[in-house]
Amino acid sequence: MKYYLTGKQAQLIDKYTQEFLGIPGLLLMEKAAAKLADSIELLLTGTKILSVVESGNNGGDAVCAAWMLKERGYDTYIYEIGGISHKSDSYLAEIEKAKACGVGFIDSLNDVNEVDIILDGIFGVGLTRNVTGVQAEAVEWINNQEAIKVSVDIPSGISSDNGKILGTAVRADYTVTFEYIKLGMLFREGREYSGRIICESIGLYHPDTVGKLESAIKMVDNDSVDITHIEYEDEDLSYLLPKRTADSNKGSYGRVLIIAGSRDIYGAVYLAAEAAYRVGAGLVKVVTHIRNRDLLMDKLPEAMLLTYGEDSLEKGKLSDSFRTSFADAIGWANVILAGPGLGREKESYALMNDLGDKISGDKYLVLDADALNILSESGVKSWLDLVRNHIGSEHIMLTPHIKEMERLLTGISKETGKGYLSEISVSAIKEDRMRVASEFAHDTQTILVLKDARTVVAHSGGCSPIYINTTGNSGMSKGGSGDVLAGILAGLLAQMNDDETTSYVMSCLATFIHGTAGDIAAQNLGEYSMLARDIIDAVPSVLRGIE
């Protein structure tokens, strides 16, 4: 499991490592510098390296790397900006070693001739103010050079908490960070300015559970309230995926009801249904418009069907005969997915109304696409409250993209007067997505999968952890990709068969599988040419490794 730390969390883990594990700060600095030097050797196209530094520990890493590289035969130089009067003991110790090794010291950047690599060691994760004065001038000088730019731990001027530029920032080609990728390197300008991220282990405390990480932080600072952010890795699949047993049958792996597709939209229902099967669901039944019947019988004969037509609606409500069949289907399922391609016809509204009335028991509900748009118009908060009373907290998963989230927030604001943002807009949600996701999930007692280039997953506790998905690529920015994700999630939820597995874990796992499959599809076909169905085709490659 990966942990993405805020600046404060990174500093506290560093302190915990030194004070509770007994590893000296100078040793950690030299381990970091050695990893930094190793990375730089792999990037070198020449021999001349310049470290631009301030006098904190971040600068100490860059100074230490300079003398290590000097000992390896490279032509290294250091420029001390001198904008900070205090110099840490570790930094001073590394300066003396650099002098002893014969590293050159530059008095002015104007004196610098062409260099091959510039090492940015100006500011680290603790920066919270805007970069100004001589430090800003140094940053701009670095950005104007043609050399390869390598930042130490985080690009100077990027907020480690949110990725914002603090006045100005180094635009790195590479960032060598230590033990943990910092949260700000994943979002906003931080994502672009970090370049390629190289994360190296140097012996900092790295636990195997969120609880242990948070306990370590509390031991150093009991008042720390920063939320922990996590992401799964390939090796997590083997213990997170629902288990399959030899003594099983199709009923052992759940029953998924998918309410999707409409008179004019047919692809979404197929993509969602096949995705649910591909991740292991035992049975899938589709409720859709009768015009989709032939397509599904041809493309996905494994799925069962319940179709409706124009005669299934009477005076804006479902007919008695269809309502009975629909209620039976709801009762049959243990997971219900509503929304992909559902449209916003009269039948769509009627289906959502009856779903809210009839769902009950220990079921899970995934709401996607048009189901969310319908609720945004017709009282999302009251509908969610009704359903939650029927099936319980954290049994409802919402999977909006940013524009659908804007509609949901607008609908709640009109319905309740509650605002999560002073201005509800796509840009405002992107700017504060994790707080919005956390507060929304807490207030509605749901799990929110907020889809974007960086999808985040928040749960009803409104606190740690928040899941951040970094898998996936631009080739997934095409119609149908979200339908595949919804189907994957429904299929995983259907298979939950022990008390330790939670709907939140399955929601996070679904985004990981979806993004990883998307990356495989991109490798096979390219980001321009891949389609949503190619993501489904790649799912077996993601899951096969654990069998």
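# Notebook: a look through one predicted chain

I started with burial: 58% of the chain's 547 residues count as buried.

**Entry 1: the whole chain**

I looked up the secondary structure and found 20 helices and 20 strands in the chain. Then I asked how the radius of gyration fits a compact globule. For 547 residues a compact globule would come out near 24 Å, and the chain has 27 Å, which agrees. I also boxed up the C-alpha atoms along the principal axes, and they fill roughly 90 × 50 × 40 Å.

Next came the contacts. I took those between residues at least 6 apart in sequence, and 73% of them join residues at least 24 apart.

For the surface, I noted that the chain exposes about 22200 Å². Carbon and sulfur atoms supply 46% of that area. On charges, I have 52 positive side chains and 77 negative ones written down. The centres of these two sets lie 5 Å apart.

**Entry 2: helix α5**

I picked α5, which covers residues 133-143, and asked which of its residues are buried. My list reads Q135, A136, A138, V139, W141 and I142. I wrote a reminder beside it: an α-helix has 3.6 residues a turn, so residues three or four places apart point the same way. What do the buried residues of α5 pack against? I found three strands there: β2 (48-53), β5 (117-121) and β6 (148-152).

**Entry 3: Q495**

I found Q495 in the loop between α18 (481-494) and α19 (503-525). Is Q495 buried or exposed? Its relative accessible area is 3%, and the cut-off for buried is under 20%, so I put Q495 down as buried. Its side chain reaches the backbone oxygen of G491 at 2.9 Å. Leaving out residues up to four places away in sequence, I listed what Q495 touches: P242, R244, Y253, V279, G280 and A281.

**Entry 4: A522**

I moved on to A522, which sits in helix α19. At 14% relative accessibility, A522 counts as buried. I checked its contacts beyond four places in sequence and got N473, E527 and M530. I also looked at A522 and M476: they are 46 residues apart along the chain, and their C-alpha atoms are separated by 8.6 Å.

**Entry 5: two positive phi angles**

I looked at R188, which is not a glycine, and its phi is positive at about 50°. R188 belongs to helix α6, residues 188-193. I have R188 as partly exposed, with a relative accessible area of 26%.

A369 also went into this entry, as a residue other than glycine with a positive phi, near 50°. I located A369 in the loop between β16 (364-367) and α13 (370-378). With a relative accessible area of 14%, A369 is buried.

**Entry 6: D354**

I found D354 in helix α12, residues 346-358. D354 is buried, at a relative accessible area of 7%. Which residues does D354 touch, if I skip those up to four places away in sequence? I wrote down L318, R323, F326 and I330.

**Entry 7: K451**

I tracked K451 to the loop between β18 (447-450) and β19 (455-458). K451 counts as buried, with 13% relative accessibility. I then looked for a polar contact between side chains, and K451 has one with D368 at 3.2 Å. D368 is also on the list of residues that K451 touches, along with T399, P400, H401, I402, G482 and L485; residues up to four places away in sequence are left out. I checked one more pair: K451 and D534 are 83 residues apart along the chain, and 19 Å separates their C-alpha atoms.

**Entry 8: V284**

Last, I looked up V284, found in strand β11 (residues 283-289). Its relative accessible area is 0%, so I marked V284 as buried. I skipped residues up to four places away in sequence and noted that V284 touches V256, I258, A273, A276, Y277, E302, A303, M304 and W332. How many residues separate V284 and I78 in sequence? I got 206, and from C-alpha to C-alpha the two are 64 Å apart in space.

Notes: Residues are numbered from 1 along each chain as its sequence is written. This is a predicted model: local features need pLDDT of at least 70, side-chain atom pairs count only at pLDDT 80 or more; totals for chains, interfaces and linings use all residues. Side-chain values use heavy atoms; hydrogens and water are left out. Helices (H or I, at least four residues) and strands (E, at least two) are DSSP runs, numbered from the N terminus. The radius of gyration is taken over C-alpha atoms; the globule rule is 2.2 Å times the number of residues to the power 0.38. Buried means under 20% relative accessible area, exposed over 50%, partly exposed in between (1.4 Å probe, protein chains only). Contact means heavy atoms within 4.5 Å. Accessible areas come from the Shrake-Rupley method with a 1.4 Å probe; for residues, only the protein chains shown count as cover. Lys and Arg count as positive and Asp and Glu as negative; His and the chain ends are not counted. The place of a charge is taken as NZ of Lys, CZ of Arg, CG of Asp or CD of Glu. A polar contact is a pair of N or O atoms within 3.5 Å; within protein, one must be able to donate a hydrogen and the other to accept it, and residues adjacent in sequence count only if both atoms are side-chain atoms.
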